[in-house]
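This report describes the fold, the helix packing and selected residues of one protein model. Please consult the sequence and the structure shown below while reading.

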Amino acid sequence: CPTLGTTSSALNGMSMGLATTFVLVCSNVVISLIKNLIPDMVRIPAFIVVIASFVTALQMCMQAFVPDIYATLGLFIPLIVVNCIILGRAEALPVKRSGAFVFDGVGMGLGFTIALTVLGAVREILGTGKIFGLEVWPEDYGMLMFVLAPGAFIVLGYLIAIVNKLKKA
């Protein structure tokens, strides 16, 4: 839901992707440093505390330094804590292997950022006729549906179909 909720524009998608990348990389580093100190029975709650700490710091920084983006994404930023990508990577990589966790965090985060930016760009172009605020065609030709929630599902479905078709080719 945060993915679809925040990608009404390319800028929003990119901002949420970069925010997630920051949390992913920082939490991977800290979890890899404390992995031997955490007992197995409290491993997941400890990971969530680490991730939540970075999300809180990110939220405060965004509120202070980029209030316009924070006003748009503010509701969805706390949901980064329960993002499956972050928790899954925290569970898989820093705990089991050492060394590659930073590169994994950057790679996974940038891939997520690209996906959100593309989804937001397509929705923004079809909905408003703009991309990153630059007019591609007059707004009168835009379709409001693509800026709203149903448009997110439609665009996501078509993007997945295109990717699957390209994989088979």
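## Valine 118

Is valine 118 buried, partly exposed or exposed? Valine 118 is partly exposed, because its relative accessible area is 37%, where buried means under 20% relative accessible area, exposed means over 50%, and partly exposed lies in between (1.4 Å probe, protein chains only). The residue belongs to helix H6.

## Basis of the model

The model is predicted, and local features need pLDDT of at least 70, side-chain atom pairs count only at pLDDT 80 or more, and totals for chains, interfaces and linings use all residues. Residues are numbered from 1 along each chain as its sequence is written, and side-chain values use heavy atoms, with hydrogens and water left out.

## Overall architecture

The protein chain contains seven helices and two strands. These elements are DSSP runs numbered from the N terminus, with helices (H or I) of at least four residues and strands (E) of at least two. Along the sequence their order is α-α-α-α-α-α-β-β-α.

Taken along the principal axes, the C-alpha atoms fill a box of roughly 60 × 45 × 25 Å. The protein chain has 169 residues, of which 38% count as buried. Among its contacts with a separation of 6 or more, 67% join residues 24 or more positions apart; a contact means heavy atoms within 4.5 Å.

Helix H2 spans residues 10–34 and helix H3 spans residues 43–65; their axes come within 9 Å and cross at roughly 140°. Axes are lines fitted to C-alpha atoms, for helices over the stretch in contact, and angles run from 0 to 180 degrees between N-to-C directions. H2 and H3 are therefore oblique to each other. On the scale used, angles under 35 degrees count as roughly parallel, over 145 as roughly antiparallel, 65 to 115 as roughly perpendicular and the rest as oblique. The crossing of H2 and H3 is right-handed; a crossing is right-handed if the near helix is turned clockwise from the far one by less than a right angle, and left-handed if anticlockwise. From H2, the contact draws on Ala19, Phe22, Val23, Cys26, Ser27, Val30, Ile31 and Ile34, and from H3 on Phe47, Val50, Ile51, Phe54, Val55 and Leu58. By class, these comprise 13 nonpolar residues, one polar residue and no charged residues. Here Ala, Val, Leu, Ile, Met, Phe, Trp, Tyr, Cys and Pro count as nonpolar, Asp, Glu, Lys and Arg as charged, and the others, Gly among them, as polar.

H2 also packs against H6, at an angle of about 165° and with the axes 7 Å apart. That angle makes H2 roughly antiparallel to H6. Their crossing is right-handed, and the contact of H2 with H6 has 15 nonpolar, eleven polar and two charged residues.

Serine 15 is a residue of helix H2. With a relative accessibility of 11%, serine 15 counts as buried. Apart from neighbours within four places in sequence, serine 15 is in contact with Ile69 and Leu73.

## Packing of H6 with H7

Helix H6 (residues 101–128) packs with helix H7 (residues 149–168) at an angle of about 120°, and their axes are 10 Å apart. The two helices are therefore oblique to each other, and their crossing is right-handed. H6 contributes Val118, Leu119, Val122, Arg123 and Leu126 to the contact, while H7 contributes Ala149, Gly151, Ala152, Val155, Leu156 and Leu159. The contact of H6 with H7 has nine nonpolar residues, one polar and one charged.

## Cysteines

A disulfide is a covalent bond between the sulfur atoms of two cysteines. With a disulfide taken as a pair of cysteine sulfur atoms within 2.5 Å, a search of the whole structure finds zero. Cysteine 61 is in no disulfide, and the nearest cysteine sulfur, that of cysteine 26, is 10 Å away. Cysteine 61 is partly exposed, with a relative accessible area of 42%, whereas cysteine 84 is exposed at 65%.

## The loop between the strands

Phenylalanine 132 is located in the loop between strand E1 (130–131) and strand E2 (134–135). Its phi is near 50°, a positive value in a residue other than glycine. Most residues other than glycine have a negative phi. Phenylalanine 132 is partly exposed, with a relative accessible area of 43%.
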